[in-house]
Amino acid sequence: MKFIVSSSVLLKNLMNINGVVATNPIVPILENFLFRIEDGTLTVTASDLQTTMTTQIPVDASETGAIAIPAKLLLDTLRSLPEQPITVNINTDTFGTEILTDNGRFKLSGENPIDFPKIPAVNKNQSVELSSDALLSAVNNTAFATSTDDLRPAMTGVYLQLNSDNATFVATDGHRLIRYRRTDIQTSASTSLIIPRKALSLLKTSLPEGVDVKVELSQANASFVFGSTQLICRLIDERFPDYENAIPTNNTNVMTIGRADLLNSLKRIMIYANRTTHQIRLSMKANSLTISAEDLDYSNEANEKLLCEYEGDDMEIGFNAKLMAEMLSNLSAKMISLEMSAPNRAGLIIPADKEENEEILMLVMPVMLNTYA
């Protein structure tokens, strides 16, 4: 079996799906890309059993066949090559693979493609089409807040609720919660599912801007098709926490401030915070915010005053500066509102200037002010 393809085109497509390949996979065959040629089209598949990605590339080939080729070795070879047509010769009996360039020959050993896991079938229960820009915005605003605790698997992914009015994406790690809602994504029937964090990270790195994405959902899997690429992931079969009850409603203390001003001040002050708790103190009075931190272990302390608009009672509240700064970094709004009810209740970060068709709410849990260490 032989085919001819552009080295740069092949490399670009392989890089789009390489994130699926695990460093230490459960099954050794998963260290490989599966190459399959049919009707002049090369389909390359990468899988870790939970997530599968495929990409299709038109090639110059007259035969059909398949082989599993070591992913790292192939990628390292392609990265080192200048742009040129390359010829790939494959011995389907021994699975030996030979890459011929303008002035070189590279020989590597492949594996039997029959050992590679089959692409999971998505028995379509529901489908929706949306723009890649809308999906990227949803991923960027939520995926960073998922939990890394495998003992709470429901929180290691993003919860998606689809209905006839909007689509709501929710992520939480127990210390913060992000609710991102879009009114330009709608379905005829309501459904909910939890998409794993790894699948969302792969979408973030491989989704091009300005293309349509077709999403197909079944009871166990979700499929995302964009351009010549498809991502199929196994959904998390767990019950997501009742997040609506965690969002406080009666927030009479409201501070409005420039997002960049608050973020930059947090980054400066958190340098002096306790290295374990990252705790900072917000003291709010009329049109004034004081941010302070101290680390008694090293006798370090810092404070800074900022102008703001504040309505409500004079108030002091503690937050984890690291979590808060990460949340603010993922927003693009120029102005944000911090809504609070009491020092021991969660605060809500809401963009004051939001984009059309989207609504963002970020909840951050307070830390007790008497826990400076």
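This is a predicted model: local features need pLDDT of at least 70, side-chain atom pairs count only at pLDDT 80 or more; totals for chains, interfaces and linings use all residues.

A: Start with the term: a salt bridge is a side-chain nitrogen of Lys or Arg within 4 Å of a carboxyl oxygen of Asp or Glu. Residues are numbered from 1 along each chain as its sequence is written, and side-chain values use heavy atoms, with hydrogens and water left out.

Q: Which strands hold Arg281 and Glu316?

A: Helices (H or I, at least four residues) and strands (E, at least two) are DSSP runs, numbered from the N terminus. Arg281 sits in strand β18 (residues 279–285) and Glu316 in strand β22 (residues 315–320), so their bridge ties together parts 35 residues apart in sequence.

Q: Is Arg281 buried or exposed?

A: Buried means under 20% relative accessible area, exposed over 50%, and partly exposed in between (1.4 Å probe, protein chains only). Arg281 has 18% relative accessibility, so Arg281 counts as buried. Glu316 is partly exposed, at 39%.

Q: How many salt bridges does the structure hold?

A: The structure holds 16. Among them is Glu326 with Arg176, whose closest N and O atoms are 2.7 Å apart. This pair links distant parts of the chain: Glu326 is in helix α6 (residues 321–329), Arg176 is in strand β12 (residues 176–182), and 150 residues separate them. Glu326 is partly exposed, with a relative accessible area of 32%. Arg176 is buried, at 5%.

Q: Where does Glu244 lie, the salt-bridge partner of Arg181?

A: Their side chains meet in a salt bridge (4.0 Å, N to O). Glu244 is in the loop between β16 (229–234) and β17 (253–258), while Arg181 is in strand β12, so the pair ties together parts 63 residues apart in sequence. Glu244 is partly exposed at 36%, and Arg181 is buried at 19%.

Q: Which residues do salt bridges with shared partners join into one network?

A: They are Arg179, Arg181, Glu244 and Glu359.

Q: What is the setting for these pairs?

A: The protein has six helices and 25 strands. Its C-alpha trace spans about 75 × 50 × 35 Å along the principal axes. Of the 373 residues, 52% are buried. A contact means heavy atoms within 4.5 Å. Among contacts with a separation of 6 or more, residues 24 or more positions apart account for 65%.
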